[in-house]
Amino acid sequence: TNWLYKDRAVGSNPYRCCDMMSTPALEAIREFATQHGLEYETVDNRTLVVVVPGEHRLRTSVSFCCQDTAVSINAFVIRHPDENEANVFRWLLEMNRRMYGLSYCLDHHGDVYLSGRVPIDSFDEVAIDRVLGTVVEYTDRAFNTLLELGFADSIRREWAWRQKSGLNTDNLQAFTHLFSENPTFPRTQRVRPELLKNDPEG
């Protein structure tokens, strides 16, 4: 369903580096991905895309671009919210304070990414592990929260259409609290109560 998310395909990285000699950091990323059974693709001599599996968001493509002094990291999170835009962006900014190495940002379409830069000299196995852990935490584990904040009406329409058509709704069970007349929201998924007064997602 298009309203859920549209992950950037492996190899279609909008942050592609220019072709230069491969770097030790890129080799370290490739070795880490191989050791941990992660799918990856070399985009050019300085860019590698690693696919990280998840529970709520089935896969996230993470772009590593090895530049002269730093590794630039980008991962697509969700497309531009359909609704409740201000609260979505406020939630992202509040979360940025807690994050290691990466932060939420927007592209020129308003789509949401995780993005950051790590010094290339310190980009070893430990740093790669921490970066990918941050990606899992703030794409996969935050995914349902972001969908509720920015796509609640689409979720409700999808639910109603599937119910009417007798289709499977298993992957919408996490959002059943949105489908009652007085929807409830898990406290852990709220931004702040006062932010929800104009929109029922949270």
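These questions and answers go through ring pairs, charges over rings and strand pairing in a predicted model.

Residues are numbered from 1 along each chain as its sequence is written, and side-chain values use heavy atoms, with hydrogens and water left out. Local features need pLDDT of at least 70 and side-chain atom pairs count only at pLDDT 80 or more, while totals for chains, interfaces and linings use all residues.

Me: How many aromatic pairs does a search of the whole structure find?
Reply: Rings of Phe, Tyr and Trp (its six-membered ring) pair if their centres lie within 6.5 Å; planes under 30 degrees apart count as stacked, over 60 as edge-to-face and the rest as tilted. Searching the whole structure this way gives a count of 4.

Me: What is the angle between the planes of Phe 76 and Tyr 113?
Reply: The two rings form an edge-to-face pair, 5.4 Å centre to centre. Phe 76 is in strand E4 (residues 70-78) and Tyr 113 in strand E6 (residues 112-119), so the pair ties together parts 37 residues apart in sequence. Strands (E, at least two residues) and helices (H or I, at least four) are DSSP runs, numbered from the N terminus. The angle between the planes is 75°.

Me: Are Tyr 104 and Tyr 138 buried or exposed?
Reply: The centres of these rings are 6.4 Å apart and their planes are at 90°, so the pair is edge-to-face. Buried means under 20% relative accessible area, exposed over 50%, and partly exposed in between (1.4 Å probe, protein chains only). Tyr 104 and Tyr 138 are both buried.

Me: Which ring has Arg 130 over its face?
Reply: A charge sits over a ring if NZ of Lys or CZ of Arg is within 6 Å of the ring centre and within 35 degrees of the ring normal. Arg 130 is at 3.7 Å from the ring centre of Tyr 100.

Me: Which residue of E4 is the bridge partner of Ser 63?
Reply: Two strands pair if DSSP finds at least two bridges between them. E3 and E4 pair in the antiparallel sense over 5 bridges, and they form a hairpin with 3 residues between them. The partner of Ser 63 in E4 is Asn 74.

Me: With which side chain does that of Asn 74 make a polar contact?
Reply: Asn 74 counts as buried, at 4% relative accessibility. A polar contact is a pair of N or O atoms within 3.5 Å; within protein, one must be able to donate a hydrogen and the other to accept it, and residues adjacent in sequence count only if both atoms are side-chain atoms. At 2.8 Å, the contact of the Asn 74 side chain is with the side chain of Ser 115.
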